Amino acid sequence: MLPIMLELHGEHARRGTVSHIHAGLRRLGPRRPRLVAQRSPYRLHDHIRAGLNDDGSFTVEYLRPGRPEMGALVPDIDGAARLFTDWAQEEPGWADGHEWSETGFVPAVPAPVSPEQLPLMQERLRQKVDEGFLTFPEIVDHVAYSFTSPFPGIASVQAVLDPIWNRRAAEQLHWPEETDCRKLTSVFEMLRDFGVMAMENFTCCMTCGTSEIRDHATGDHHGYAFYHIQDTEAAVSNGNLHIAFGAFRDTDPVEVGNQVVNALNDRGLSVEWNGKAGTRILVTGLTWQRRLR
């Protein structure tokens with residue numbers, strides 16, 4: 001797996017391999033005009049993309065922070081795929097051997113954020129980075145549109161987020177390979193395999209979560225488990241996470257609770273629960289480290 005996210009126009013981005021790059025380039029055409037690779041973790045203004053020309057050649061363009069975008073004509077799919085792969089692996093001289101020229105695109109210079117807005121914006125951005133569920137563009141949109149007077153502008157919020165994001169990207173290089181958050185996610189994956197509709201960071205609150213979880217369940221699910229956004233915020237702050245659970249149809253909700261507790265125990269996480277259906281399960285002592293996407 002390469003340290004990139006690949007996105008074919010109109011489709012969801014996903015982690016990419018060399019095979020995925022070849023497959024994406026082969027699928028380019030009028031309905032899918034661009035294949036774009038972003039670094040993972042994301043870096044602002046650092047990407048490579050390709051489009052297919054009528055004669056079967058490819059136009060490949062790349063952008064680096066602080067530089068204008070560069071483009072070159074690449075005659076075949078193997079050459080385009082090799083550029084993507086070498087760029088992804090940051091091979092020395094990866095761009096050599098092609099006639100690059102400026103495309104004319106230069107990222108906009110952001111206006112400075114007002115001194116009144118800046119501290120609160122930094123706090124909100126750090127919170128979303130710490131939670132670890134949103135991508136860089138999602139965090140920018142989430143925070144930018146929480147300010148309305150005056151609206152700071154997307155480029156300005158990107159500029160404020162960039163050092164916060166990059167600092168976290170550097171920190172996570174020193175995290176254990178399997179963090180508590182990775183263990184927690186594996187529990188929720190396991191529960192879904194066991195017929196429990198299990199969702200992380202799901203909806204804003206308990207009321208919305210219990211109301212909406214049924215919309216995601218199918219006839220194969222006998223119960224549910226989730227924690228909501230306010231639970232995430234608490235876990236980031238104090239390492240304690242509440243998990244709600246319940247049953248569908250005639251299943252005993254205590255049975256679902258036991259499934260959740262057993263799955264958490266199997267992954268070595270500390271759990272407190274009194275065995276009652278009306279009491280949420282508490283996971284304690286978490287070190288909240290979710291890797292950036």
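The structure holds 14 aromatic pairs, and it is a predicted model.

**Aromatic contacts**

- F245 and W273 form an edge-to-face pair, because their ring centres lie 5.4 Å apart and their planes stand at 90°.
- Since F245 belongs to strand β10 (residues 241-247) and W273 to the loop between β11 (270-272) and β12 (281-284), the pair ties together parts that are 28 residues apart in sequence; F245 is buried, at a relative accessible area of 8%.
- F133, F188, Y227 and W288 are joined into a cluster by ring pairs.

**Arginines over rings**

- R290 lies over the face of F133, 3.8 Å from the ring centre, and F133 is also one of the residues in the ring cluster.
- R124 is placed over the face of F147, at 4.8 Å from the ring centre.

**Salt bridges**

- R27 and E11 meet through their side chains at 2.6 Å, N to O, linking the loop between α1 (18-26) and β3 (35-39) with the loop between β1 (4-8) and β2 (14-15), 16 residues apart; R27 is partly exposed at 37%, and E11 is partly exposed at 30%.
- E69 and R49 form a salt bridge at 3.1 Å, N to O, in which E69 is buried at 2% relative accessibility, whereas R49 is partly exposed at 25%.
- R267 and E178 form a salt bridge at 2.2 Å, N to O, and this pair links parts of the chain 89 residues apart.
- R39, R43, D46 and E90 are linked in a network of salt bridges.

Methods:
Residues numbered from 1 in each chain as written. Predicted model: local features only at pLDDT ≥ 70, side-chain atom pairs only at ≥ 80, totals over all residues. Heavy atoms only, no water. Phe/Tyr/Trp six-rings, centres within 6.5 Å; stacked < 30°, edge-to-face > 60°. Helix = DSSP H or I, 4+ residues; strand = E, 2+ residues; numbered from the N terminus. Buried < 20%, exposed > 50% of the residue type's maximum accessible area, 1.4 Å probe, protein only. Lys NZ or Arg CZ within 6 Å of the ring centre and 35° of its normal. Salt bridge = Lys/Arg side-chain N within 4 Å of Asp/Glu carboxyl O.
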